[in-house]
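Biologist: I would like to learn how to read the aromatic rings in a model. Could you walk me through it?

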Amino acid sequence: MAVVVPNFHGKQALDAWLTGYDAGLLLQSPDPDGPHPVLNGRVVAQRPAPGAQVERWAAVTVWIEGGGDGSGVREPRRPLPQHREATKFVDGCG
């Protein structure tokens, strides 16, 4: 069954991925084994081009920019956690 490739250019990466999945396509980055999933940033290019017909569940390669490295939340948190004084452990021996 043939599927028409949508235009993903300019879409948020996650929205593009969901649109592709709904159409029966799998979006991937140029390096599918790379550390950065297709989740952050905007699509700036794609292959095959919009309007092309491909087999259902074919891979569409998308290039993403502006998403950072996609590694998630990092420390330090804001606001910072309250500082607690260290307490001396007493084992009950006199």
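Biologist: Is tyrosine 21 buried, partly exposed or exposed?

Modeller: First, the ground rules: this is a predicted model, where local features need pLDDT of at least 70, side-chain atom pairs count only at pLDDT 80 or more, and totals for chains, interfaces and linings use all residues. Residues are numbered from 1 along each chain as its sequence is written, and side-chain values use heavy atoms, leaving out hydrogens and water. Buried means under 20% relative accessible area, exposed over 50%, and partly exposed in between (1.4 Å probe, protein chains only). Tyrosine 21 has 42% relative accessibility, so it counts as partly exposed.

Biologist: How many aromatic pairs does the structure hold?

Modeller: Rings of Phe, Tyr and Trp (its six-membered ring) pair if their centres lie within 6.5 Å; planes under 30 degrees apart are stacked, over 60 edge-to-face, and the rest tilted. The structure holds 2 such pairs. In one, tryptophan 17 and tyrosine 21 are stacked, at 5.5 Å centre to centre with 10° between the planes. Both lie in helix α1, 4 residues apart, about one turn of the helix; helices (H or I, at least four residues) and strands (E, at least two) are DSSP runs, numbered from the N terminus.

Biologist: Which pair is tilted?

Modeller: Tyrosine 21 and tryptophan 57 form the tilted pair, with 5.2 Å between centres and 50° between planes. This pair links distant parts of the chain, 36 residues apart: tyrosine 21 sits in helix α1, tryptophan 57 in the loop between β4 (53-55) and β5. Tryptophan 57 is partly exposed because its relative accessibility is 36%.

Biologist: Which residues do the ring pairs link into a cluster?

Modeller: Trp17, Tyr21 and Trp57.
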